[in-house]
Amino acid sequence: MQTRWVLLALCVVVVLLAACVNNPAATAKAGHPLPTLVPVDFPHATVQPYDVSGSTESEIRAQLNANRPNDYDAYTRWYVSWDWPGRGSAECRLAEAEVSYEITVTFPRWTPTADASPELVAKWNGYLYALALHENAHISNVVSRFPAVVAAIKGGTCLSAEDAAQAVLQQMRQFDSQYDLDTNHGRTQGARFP
Ligand SMILES: [Zn+2]
């Protein structure tokens, strides 16, 4: 079955790496264990981590700027796709429509070096926490409105279903835009480093 992807909203995003969380090797210079990195889970999204290194705030910031795949430290991209027998024609079977979504989040992954201070690790934890908070709202936007896309299609007609689904997607895009405007892409939520 042919599937057409509809690319949608992009946004600043965030997330955290599970791999960061389990890093037993990191210990402070003085021998004190470093704070555990904040565990962040995004059950509805695929995480695409990118690595950053450094043992100071400025080194990490330089790495973020150099290694991030776009203009944001974290970035969420989502797609909603649909298809049904007879799609595009006046005779179709909407009840058999297949609708799905895919959410991808790119986010930084830093493994503390042996000489990283506990303060730096704590600051990074706070940053990731705020990033995760911000990104989760983008993710929830998609997950919570997805049933409305399905309903719009299955409750529509062969000629109206496409537009009805697009109308819901537009609401999702509007949420993303307004949310980023309201939060300055997460900065007002604490998503800034350093
Ligand atoms: Zn955002």
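## Leu94 and its surroundings

Leu94 sits in the loop that lies between strands S3 and S4. The model is a predicted one. Leu94 has 17 C-beta neighbours inside 10 Å, and therefore counts as partly exposed, since a buried residue needs 20 or more and an exposed one has 12 or fewer.

Leaving aside residues up to four places away in sequence, Leu94 touches Trp84, Ile153, Lys154, Gly156, Cys158 and Ala161. The C-alpha atoms of Leu94 and Val150 are 10.0 Å apart, although 56 residues separate the two along the chain.

## The strands around the loop

Strand S3 covers residues 75-83 and pairs with S4 in the antiparallel sense, over nine bridges. Asp83 has Glu98 of S4 as its bridge partner.

S4, residues 98-110, is also joined to strand S2, residues 46-52, by seven bridges, and these two strands run parallel. Here the bridge partner of Val52 is Trp110 in S4.

## Helices H3 and H4

Helix H3 spans residues 118-154 and helix H4 residues 161-183; they pack at an angle of about 165°, with axes 9 Å apart. Because of this angle, H3 is roughly antiparallel to H4. The crossing of H3 past H4 is right-handed.

Residues of H3 in the contact include His134, His138, Arg145 and Ile153, while those of H4 include Ala161, Met172, Phe175, Asp176 and Tyr179. Sorted by class, the contact has 15 nonpolar, five polar and two charged residues. Ile153 and Ala161, which take part in this helix contact, are also among the residues that Leu94 touches.

Key. Residues are numbered from 1 along each chain as its sequence is written. This is a predicted model: local features need pLDDT of at least 70, side-chain atom pairs count only at pLDDT 80 or more; totals for chains, interfaces and linings use all residues. Axes are lines fitted to C-alpha atoms, for helices over the stretch in contact, and angles run from 0 to 180 degrees between N-to-C directions. Helices (H or I, at least four residues) and strands (E, at least two) are DSSP runs, numbered from the N terminus. Angles under 35 degrees count as roughly parallel, over 145 as roughly antiparallel, 65 to 115 as roughly perpendicular and the rest as oblique. A crossing is left-handed if the near helix is turned anticlockwise from the far one by less than a right angle, and right-handed if clockwise. Two residues are in contact if their C-beta atoms, placed from the backbone, lie within 7 Å. Ala, Val, Leu, Ile, Met, Phe, Trp, Tyr, Cys and Pro count as nonpolar, Asp, Glu, Lys and Arg as charged, and the others, Gly among them, as polar. Two strands pair if DSSP finds at least two bridges between them.
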